[in-house]
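Please read this briefing beside the sequence and the model.

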Amino acid sequence: MEETIDSEALIAQLRKAFLQQNLEPFDSRDVSKIRNSNQMVLAYLKNAKYNSEKAFNIMTESLKWRKSFGVNDITKESIHPDLLNDPYLYFKGHGKKGESLLVLNYERHKKEPEKVLELKKYVAFLLEHREGVETNKKIIMLFNMNGAGLGNIDYDFIKYLILVLTEYYPDIIDHLLIFEMPRLLSGKMFLSRDMVETAPITT
């Protein structure tokens, strides 16, 4: 017999534990959401497979990141125009179950240290606002590898992207899809399975 999960009790328990700690490291707007939104708290529990301790840790780290990165204050005007006018990371189309498709054309990505912060900010902007996308639908992350080569490999950015999708925005990702992985890259394991635990990978 399957064990029944009392989600309401777990939500109350997680919320209480979070609100009892020092709240200085968090944005008051995010704290308000934790205080008032069962759906947001439940998302962290689902992400942690209803492990309260793990959910607490993920919630704490993700909300610290949101404040340190200024996520609530990122606007379209603060994004570099090149990322908005000619993006290679964007929402387009849907999956079979209505999931929103987040596409990364990896061929166009180059590891440029001077642009890392702008790109990370753009990722947060896309997920925070999801313009023209149904926010109640999960996301399929599509890595379009057609034409990509060794010069496109950027493990740091990929790790950041996976972390954001699987923990900083809990219960948002349905699965990861890798399209047209070149043989030259397949042996390099550009996206290793130890990077992600919460979303299946399809190639």
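Helix α2 (residues 28-36) and helix α4 (residues 52-69) pack at an angle of about 145 degrees, and their axes lie 9 Å apart. The axes are lines fitted to C-alpha atoms, for helices over the stretch in contact, and the angles run from 0 to 180 degrees between N-to-C directions. The helices (H or I, at least four residues) and strands (E, at least two) are DSSP runs, numbered from the N terminus. This is a predicted model, in which local features need pLDDT of at least 70 and side-chain atom pairs count only at pLDDT 80 or more, while totals for chains, interfaces and linings use all residues. Residues are numbered from 1 along each chain as its sequence is written, and side-chain values use heavy atoms, with hydrogens and water left out.

**Helix packing**

- On the α2 side, Asp-30, Lys-33 and Ile-34 meet Met-59, Leu-63 and Arg-66 of α4, where contact means heavy atoms within 4.5 Å.
- The residues of this contact of α2 with α4 divide into three nonpolar, no polar and three charged; Ala, Val, Leu, Ile, Met, Phe, Trp, Tyr, Cys and Pro count as nonpolar, Asp, Glu, Lys and Arg as charged, and the others, Gly among them, as polar.

**Pockets**

- The largest pocket holds about 690 Å³ of space, a volume being the space filled by probe spheres set on grid points that are joined across faces, edges and corners.
- A pocket is found on a 1 Å grid over the protein atoms alone, as an open set of points where a 1.4 Å probe fits, with protein on both sides within 12 Å along at least five of seven lines, and its lining residues have an atom within 4 Å of a point.
- The largest pocket is lined by 22 residues, and those nearest its centre are Gln-39, Met-40, Ala-43, Arg-130 and Pro-170.
- Helices α2, α3 (38-47) and α6 (116-129) each supply at least two residues of that lining, and α3 gives the most, with six residues.
- By class, the lining of the largest pocket divides into nine nonpolar, four polar and nine charged residues.
- The second largest pocket contains about 430 Å³ of space, and of the 20 residues that line it, Leu-83, Tyr-88, Glu-112, Lys-115 and Leu-119 are the closest to its centre.
- Two or more residues of the lining of the second largest pocket come from each of α5 (81-85), α6 and α7 (155-168), with the largest share, four residues, coming from α6.
- The lining of the second largest pocket has seven nonpolar, two polar and eleven charged residues.

**Salt bridges**

- The structure holds ten salt bridges, each being a side-chain nitrogen of Lys or Arg within 4 Å of a carboxyl oxygen of Asp or Glu.
- One of them joins the side chains of Glu-128 and Arg-66 (2.9 Å, N to O), and this pair links distant parts of the chain, with Glu-128 in helix α6 and Arg-66 in helix α4, 62 residues apart.
- Glu-128 counts as partly exposed at 26% relative accessibility, whereas Arg-66 counts as buried at 5%; buried means under 20% relative accessible area, exposed over 50%, and partly exposed in between (1.4 Å probe, protein chains only).
- Asp-174 and Lys-97 also meet through their side chains in a salt bridge (3.7 Å, N to O), which links Asp-174 in strand β4 (residues 173-179) with Lys-97 in the loop between β1 (89-94) and β2 (100-105), 77 residues apart.
- Lys-97 is exposed, with a relative accessible area of 60%.

**Overall make-up**

- The secondary structure of the protein chain comes to eight helices and five strands, which run from the N terminus on as α-α-α-α-α-β-β-α-β-α-β-α-β.
- Of the 203 residues in the protein chain, 45% are buried.
- Among contacts in the protein chain with a separation of 6 or more, 75% are between residues 24 or more positions apart.

**Backbone angles**

- Lys-49, although not a glycine, has a positive phi of about 55 degrees; Lys-49 lies in the loop between α3 and α4 and is exposed, with a relative accessible area of 67%.
- Glu-180, also not a glycine, has a positive phi of about 55 degrees; Glu-180 lies in the loop between β4 and α8 (183-186) and is partly exposed, with a relative accessible area of 46%.
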